[in-house]
Structure formats: C-alpha cells, structure tokens
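Biologist: I have a few questions about this model. Can we go through it together?

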Amino acid sequence: MAAPRVFPLSCVVQQYAWGKMGSNSEVARLLASSDPLAGISEDKPYAELWMGTHPRGDAKILDNRISQKTLGQWIAENPDCLGSKALAEKLHLQAPQHYPDANHKPEMAIALTSFQGLCGFRTVEEIVTFLTKVPEFRFLIGDNAATQLKQSLSRDSQAMASALQSCFSHLMKSEKKVVEQQLNLLVKRISQQVAAGNNMEDVCGELLLQLHQQYPGDIGCFAIYFLNLLTLKPGEAMFLEANVPHAYLKGDCVECMACSDNTVRAGLTPKFIDVPTLCEMLSYTPSPSEDRLFLPIRSQEDPYLSVYDPPVPDFTVMKMEVPGSVAEYKVLALDSASILLMVQGAVTASTPTAQAAVPLQCGGVLFIGANESVSLKLTAPEDLLMFRACCLL
C-alpha cells in the first residue's frame, strides 16, 4: 500500500511576549478549535502558530500509519513529495544570484482582521516634514544629517539612500538616556495637545502614545517617522523583500516566509537588538506606503480562489473563500507540496488514495504532497476560509 501523502498536522505555538493573552488571541482560538484537549492558559501570550519544518517548530504528524513523527523527518525520507521544488533548490545553490545575501528572509503578511504595520522607509519628503514638525525627532537625528537628507531631494537615488542611512543610523545609535529624555518630552507635548482637543494626526500622535504605553522609552517609538504606516483590511497583504525594515503593530494575519531564523531587531521588542548590523544591512529605498500593498490575483478557473504570488521563488499563498452553499470543493493538485490552514468552517478531506476521510475544522492544518488532489466536503452550511502555502515555479 502506498504511503499517505496527505495528512493532518499538529503545529507549534510560539508564546512570544508580544502575543495576545489567552483566548483573546486568534492563535489560541485556532489551537483550541482544532484540538479540544489543548489547554489555553489565560495568563500566557499566544503569538504565532508555526506550520512547517523549522527546527524550532517542526509540525507533528497526526497519522498513526506514518512512522516518522514530524513533517521534517517525513520530507527528509520522501523528498519526491516536494515536486519540482527539490530540483529548484539545487539550481539555486548553483545560481546564488537568487539569494544575494545570507539573511534572505522575504515574507508576506495577509490580514485576517484590520491589521496595522510599519513597512519600508517612507518617502524622503515625508521624513523631512516630520523632521520639521517633530523637534524631538530632529534633535536625535542632528541638524547636519537632517540637512543632508533635505538636500538629497534634488540629487540621485544613491545620494538619497546614503543620506537616509545616515539619518536612521544617527537615531539608532543615540544614547539610551537621550532617547528617553526626548521621547518623554514628545509624549508630554502630544498628550497635552490631545487633552486640549487638538488633532495630532499629522505627527502620528495617537500611534506614538500607544507605542510608548506598550514600550515606554523604546527607541522604536521614533521609527514611525521613518517607516510607512499601513492599515490593511482583511484579505489585503504586504510583501517584504529581504532587509526591508518592518514591524507588525496590531491585528491578526497569516504570514508566510522563507525558512530562516535571521531576524535583526531595532526596537519595540524585549529581545536582543543588534544596532550595528541592522544599520548596515537595511535596504534604504524610500517608497510611498501604497507601493507596499500586495494585491492578490483572482483565479480564472476557480471563482473562490485568490493567489498571492510574490516576486521570489520561495513561496506563494492561495486564499480560498468558499460559500457554505457549496457542498464539495476540489483543492487543485500542484507540482509542489503545500500546507493548508482552515481558518473558518468545517469539512472532511479525502483523496483518491486515502483509506479514510480526514475531518478538518477551524484551526486544522493539512499537509498535501505534490500532485495530490484533495476533495473537501462541507460538514456544516458555513462559509470556508482557507489559506494554502506552496511554491509555484
């Protein structure tokens, strides 16, 4: 009998300090829904649910016919299940231009709820405006660096990037005591203006106060004047090339990324911050916030399918929204292994080679080997929302 190539997974929860607490977290809700025996601790944060083969979060296989315990172990012994990606990886090793640096970690965030994040450097015009309107920000940057940035507006992109790097480095290398002093001055000034009924939106006043409350004295509070602020509606996405600075601030998302642990932090985190490496490695390419939005393409063949296909070979994400009135939905076979996450709804999943159907509900995760087709039969008249990560070459 052929070994199963479609099977359910139990995935690893990461309880980072910035996660929402207990059942307030979408991660905890997905976990509890998919596994009734999973105890949710209301006093602990639930930040991320990892689906994949990362060494710190290798998914467990929930199929007692399979001898391997984890997805990583199973793939190591069944590499053909990956499809042409296995060949592609060999080609990438021979052609490193596909991966120009060791920190290659592109990622994409697709909003499940209203979602707010900082992403990539603002236009230089916007940053110069903030340097004029926010004296505390200008104090940390310094007059020389601020003037150079303003002058770069009439020069080429390389001069602009160099001036932007100088400004950002001045901020990040400021003494902690000086940063706290200037931040306290700014918070006091904005708080007084807000209390007087003045609108401080032109200096991101509300956001600054929120971040300072969450991370008091943190240098990352000033990053809002450098980085684009994006607010995504459910289904909207942002794509981040390697070395693009970003921070996720509020809301829930499905995030897909290359399997890398190379995260270099700047602020708004209790974790290790590596300022010299960060300032050296970042991409100092300014762009308007709308350029950071990444729109899906609606499938011509499947009316319920939207495809988020970023300009990297590492991953593609598919979103499937199926009305509850549809009795059965066919998940297309791909020349790629994939992982399917059920965010809403309940189905039984079956394949032509499977002995029995696999029940899947909210929070359920299914591994699908390359070239395997899956039929999903709805078990309740509720709309389905699913995401599928794969590699389309």
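Biologist: Let's start with Asn228. Is Asn228 buried or exposed?

Modeller: Asn228 is buried, because its relative accessible area is 1%. Keep in mind that this is a predicted model.

Biologist: Where is the place of Asn228?

Modeller: Asn228 sits in strand 9, residues 227-232.

Biologist: What does the side chain of Asn228 reach?

Modeller: The side chain reaches the backbone oxygen of Ser287, at 2.9 Å.

Biologist: And which residues is Asn228 in contact with, leaving aside neighbours within four places in sequence?

Modeller: Several stretches of the chain. With those neighbours left out, the contacts include Gly117, Leu118, Cys119, Gly120, Phe121 and Arg122. Glu126 is also on the list.

Biologist: Step back a bit. How many helices and strands in the protein?

Modeller: The protein has 10 helices and 23 strands.

Biologist: What share of the residues is buried?

Modeller: Of the 393 residues, 50% are buried.

Biologist: And how much of the contact set comes from residues 24 or more positions apart?

Modeller: Take the contacts with a separation of 6 or more. Residues 24 or more positions apart account for 73% of them.

Biologist: On to helix packing. At what angle do helix 8 and helix 9 cross?

Modeller: Roughly 125°. The axes of helix 8, residues 176-195, and helix 9, residues 205-214, come within 10 Å. That angle makes helix 8 oblique to helix 9.

Biologist: Left-handed or right-handed crossing?

Modeller: Helix 8 passes helix 9 in a left-handed crossing.

Biologist: Which residues make the contact?

Modeller: Helix 8 brings Leu183, Asn184, Leu186, Val187, Ile190, Ser191 and Val194. Helix 9 brings Gly205, Leu208, Leu209 and His212.

Biologist: How does that contact split by class?

Modeller: The contact of helix 8 with helix 9 has 7 nonpolar and 4 polar residues, and no charged ones.

Biologist: What about Glu206, buried or exposed?

Modeller: Glu206 counts as exposed, because its relative accessibility is 60%. Glu206 is in helix 9.

Biologist: Where is Cys204 found?

Modeller: Cys204 is in the loop between helix 8 and helix 9. Its phi is near 55°, a positive value in a residue other than glycine. At 13% relative accessibility, Cys204 counts as buried.

Biologist: Which other residue has a positive phi, near 65°?

Modeller: Asn371, which is not a glycine either. Asn371 is in the loop between strand 21, residues 365-368, and strand 22, residues 374-378. Asn371 is exposed, at 52% relative accessible area.

Biologist: Now helix 6 and helix 7. What is their crossing angle?

Modeller: Roughly 155°. Helix 6, residues 143-151, and helix 7, residues 157-172, have axes that come within 9 Å. The two helices are therefore roughly antiparallel to each other. Helix 6 passes helix 7 in a left-handed crossing.

Biologist: Which residues make the contact there?

Modeller: From helix 6, Ala145, Ala146, Gln148 and Leu149. From helix 7, Met160, Ala163, Leu164, Ser166, Cys167 and His170. By class, this contact of helix 6 with helix 7 has 7 nonpolar and 3 polar residues, with no charged ones.

Biologist: Switching to helix 1. Which of its residues are buried?

Modeller: Helix 1 covers residues 26-34, and its buried residues are Glu26, Val27, Ala28, Leu30 and Leu31. Their cover includes strand 2, strand 4, strand 5 and strand 18.

Biologist: What caps the N-terminal end of helix 1?

Modeller: Ser25 does. A side-chain oxygen of Ser25 lies 3.1 Å from the backbone nitrogen of Val27.

Biologist: Last one. Where does Ala389 lie?

Modeller: Ala389 is in strand 23, residues 384-390. At 28% relative accessibility, Ala389 counts as partly exposed.

Biologist: How far apart are Ala389 and Ile339?

Modeller: In sequence, 50 residues; in space, 5.4 Å from C-alpha to C-alpha. Ile339 is also one of the contacts of Ala389 beyond four places in sequence, along with Cys256, Thr316, Ala337 and Ser338.

Key. Residues are numbered from 1 along each chain as its sequence is written. This is a predicted model: local features need pLDDT of at least 70, side-chain atom pairs count only at pLDDT 80 or more; totals for chains, interfaces and linings use all residues. Side-chain values use heavy atoms; hydrogens and water are left out. Axes are lines fitted to C-alpha atoms, for helices over the stretch in contact, and angles run from 0 to 180 degrees between N-to-C directions. Helices (H or I, at least four residues) and strands (E, at least two) are DSSP runs, numbered from the N terminus. Angles under 35 degrees count as roughly parallel, over 145 as roughly antiparallel, 65 to 115 as roughly perpendicular and the rest as oblique. A crossing is left-handed if the near helix is turned anticlockwise from the far one by less than a right angle, and right-handed if clockwise. Contact means heavy atoms within 4.5 Å. Ala, Val, Leu, Ile, Met, Phe, Trp, Tyr, Cys and Pro count as nonpolar, Asp, Glu, Lys and Arg as charged, and the others, Gly among them, as polar. Buried means under 20% relative accessible area, exposed over 50%, partly exposed in between (1.4 Å probe, protein chains only). A polar contact is a pair of N or O atoms within 3.5 Å; within protein, one must be able to donate a hydrogen and the other to accept it, and residues adjacent in sequence count only if both atoms are side-chain atoms.
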